[in-house]
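Subject: Structure handover

Hello,

Here is the structure for you to look at. My notes come after it.

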Amino acid sequence: MKRIAHRDSDETTRRTTRRALIMGGAMSAVVAVLGARLRYMQVDQADQYRLLAEENRVSIRLIPPNRGQIFDRNGRLIAGNEQNYRIIITREDAGDVNDVLHRLQRVIPLSEEEILRVEDEAKKRSAFVPIIVADRISWDDMSRVAMNAPSLPGVTPEVGQSRIYPLDTDFAHVVGYVGPVSERDLKGQENPDPLLQIPQFQIGKAGVETWREDVLRGEAGTRRIEVNAVGRIMRELDRVEGQAGADLTLTIDAEVQNFVNARLGGESAAVVAIDVTNGDLLAISSTPSFNPNLFVRGISYKDYSALTANDHRPLANKAVSGAYPPGSTFKMVTALAALEAGVIDADSTVYCPGYYEYGGRRFHCWSRGGHGHLNLDGALGRSCDVFFYDVSQRVGIDKMAETGRKMGLGQRHDLPMSAIVEGVMPDKDWKMASYGQEWRIGDTINASIGQGYVLASPLQLALMTGRLASGRAIVPRLVRAIDGQEVETEAAPALDIPSAYLRMVRHGMFTVSNKLGMTGYSSRIVDPTMTMAGKSGTAQVRNITAAERARGVISNDQLPWERRDHALFVGFAPYDNPKVAVACVVEHGGGGSTVAGPIVRDVLLRILSGGMPPLAAYPESQRSRIETALSELPLRDFAALAGATGVRGRA
């Protein structure tokens with residue numbers, strides 16, 4: 001028995017020893033693995049984990065660049081930047097955004113609607129993207145937030161930049177305005193600029209601001225900041241400044257632009273002035289206008305409704321987006337086409353009895369009694385419709401359209417502006433493509449005097465006049481320089497129209513404005529160094545029935561505003577050495593020679609004289625009235641404006 005018990009004891013001891021060895025070996029293996037892992041993490045991967053730890057306490061944030069400024073041709077600021085105090089919050093540093101915002105509410109005025117807006121924005125954006133909580137706050141509010149920073153994790157007072165338009169209404173349609181990035185702006189972009197992810201970041205929404213966004217925006221900078229456990233910024237570790245946007249210099253003269261806007265007054269109208277030597281646009285005015293600063297700061301529903309409800313359409317840029325029947329201003333195109341086709345010369349005459357009869361239908365001249373026998377000079381001077389009805393039948397619409405396109409009509413001109421229209425310079429193919437109908441003789445008759453299907457913008461009419469005056473295919477230019485570097489342009493080639501024909505038509509325009517009894521004589525310039533050549537136009541916007549014509553056509557002043565004719569006038573000066581061409585359209589203004597003609601004359605004199613139009617350039621009988629009218633224009637005091645705002649021009 002003792003022997004059996006001893007064997008059992010030895011066996012138990014051996015089993016215990018084996019288990020201990022196995023367990024010890026296993027533990028040693030585990031310790032070895034842990035040791036190897038610890039060495040791997042602490043020695044081999046030390047740099048990687050040090051970086052991860054660094055990322056936990058260091059935040060990298062974008063620095064929005066300063067937006068490029070916009071100047072007029074003389075260096076006067078028309079779109080700049082101003083300091084803007086604001087409060088931002090970063091979700092990854094704030095933690096409980098709702099709790100932090102309600103703490104902030106006890107420091108500065110903050111509505112529940114604003115809190116909900118920020119929370120909603122925070123859910124849509126990445127955690128590291130800062131969100132603007134309050135914008136354009138006072139310095140006192142800014143200071144209170146800074147003093148309470150320890151209890152407001154993730155909240156940072158910031159000095160930002162916001163767009164400002166010191167000349168507000170004068171350049172609203174040209175420069176446009178900026179606004180916060182919207183979902184629509186981001187739609188369709190595969191790799192959007194990271195700047196666009198920053199809420200309330202401002203980008204161009206209209207005009208030059210949007211069409212030259214590529215150079216105005218600039219490139220973002222970055223800064224690394226150290227934050228503590230609650231997300232409070234402890235210090236800035238380093239900063240890499242971004243690249244500011246490029247400054248733009250436009251071809252427009254701000255003082256001329258202001259004069260034109262003031263001269264148009266409350267009319268629904270547009271004026272374009274162009275340098276005929278190089279295509280520089282000196283003024284592009286559309287009235288009434290609007291204040292673009294309202295859009296930058298967030299326009300109210302009341303203000304926006306007032307703009308959209310106005311029948312004079314202040315939001316529309318009529319200078320480039322308005323397409324109007326050019327009326328009799330188109331007669332120069334018909335005349336050039338007829339001269340090119342060889343169907344008339346300077347001595348050819350047409351008899352005007354007051355109407356033109358074709359196919360049993362009468363097409364009336366504006367002069368009910370007719371003009372008798374007229375040559376080209378007289379036809380342009382008296383604006384005889386029958387003369388152009390007649391010659392158009394010998395020329396044909398296709399030749400007229402070809403000439404019109406040479407003069408810049410029926411095509412969209414490449415400018416950094418919104419909603420530029422192409423207009424319509426119709427021909428037979430165009431009508432078939434647009435309406436599926438054959439071109440008719442009556443269509444040609446209507447087109448010959450700028451009615452029917454023909455449509456043109458004030459920009460196109462100014463360009464047409466500039467090409468006629470210079471004899472060159474000038475191209476309109478709006479941006480003169482980028483960051484001080486002149487935008488290169490090629491010399492305009494000569495028009496593909498014999499110069500002799502251009503001289504004949506120019507002389508006809510001289511007759512319009514400078515011969516007694518002609519349609520533009522009352523708008524003449526008597527200073528021989530600035531003599532104007534021009535052409536009036538009156539475009540119908542309603543049909544005149546045979547019954548009304550028999551009774552007598554109702555005058556414009558007896559019609560509702562929206563049924564009155566458009567008033568047009570184009571002109572250039574000086575006649576002997578053309579420098580500037582101007583086109584004016586006054587919607588439902590009535591007679592072109594009486595309404596639009598004086599405006600074109602004033603604009604030409606303002607540009608050519610370099611100051612207020614000199615009274616000596618006007619007919620003596622008109623000077624007293626004009627002196628009073630000019631003195632009452634609501635012009636800006638540019639010297640006072642520069643002194644009050646601290647804004648200085650840049651040459």
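Predicted model: local features only at pLDDT ≥ 70, side-chain atom pairs only at ≥ 80, totals over all residues.

Residues are numbered from 1 along each chain as its sequence is written, and side-chain values use heavy atoms, without hydrogens and water.

Cores first. A nonpolar core is a set of buried Ala, Val, Leu, Ile, Met, Phe, Trp, Tyr and Cys residues joined through side-chain atoms within 4.5 Å. Buried means under 20% relative accessible area (1.4 Å probe, protein chains only). The largest core has 100 residues; I70, V174, I284, F387 and L478 touch the most other members. Apart from it lies another core of 32 residues, including V603 and L605.

Now the rings. They pair if the centres of Phe, Tyr or Trp rings (six-membered for Trp) lie within 6.5 Å; planes under 30 degrees apart are stacked, over 60 edge-to-face, the rest tilted. The count is 14 aromatic pairs. F290 and F295 are edge-to-face, with centres 5.6 Å apart and planes at 70°. Ring pairs link both into a cluster with Y177 and Y304. F387 and F388 are also edge-to-face, at 5.1 Å and 70°. F387 is buried at 1%, and F388 at 0%.

Helix α24 covers residues 592-609. Of its 18 residues, 14 are buried, so the rest of the structure largely encloses it. Just after α24, G610 has a positive phi of about 75°.

Best wishes

Notes: Helix = DSSP H or I, 4+ residues; strand = E, 2+ residues; numbered from the N terminus. Expected span 1.5 Å × (residues − 1). Buried < 20%, exposed > 50% of the residue type's maximum accessible area, 1.4 Å probe, protein only.
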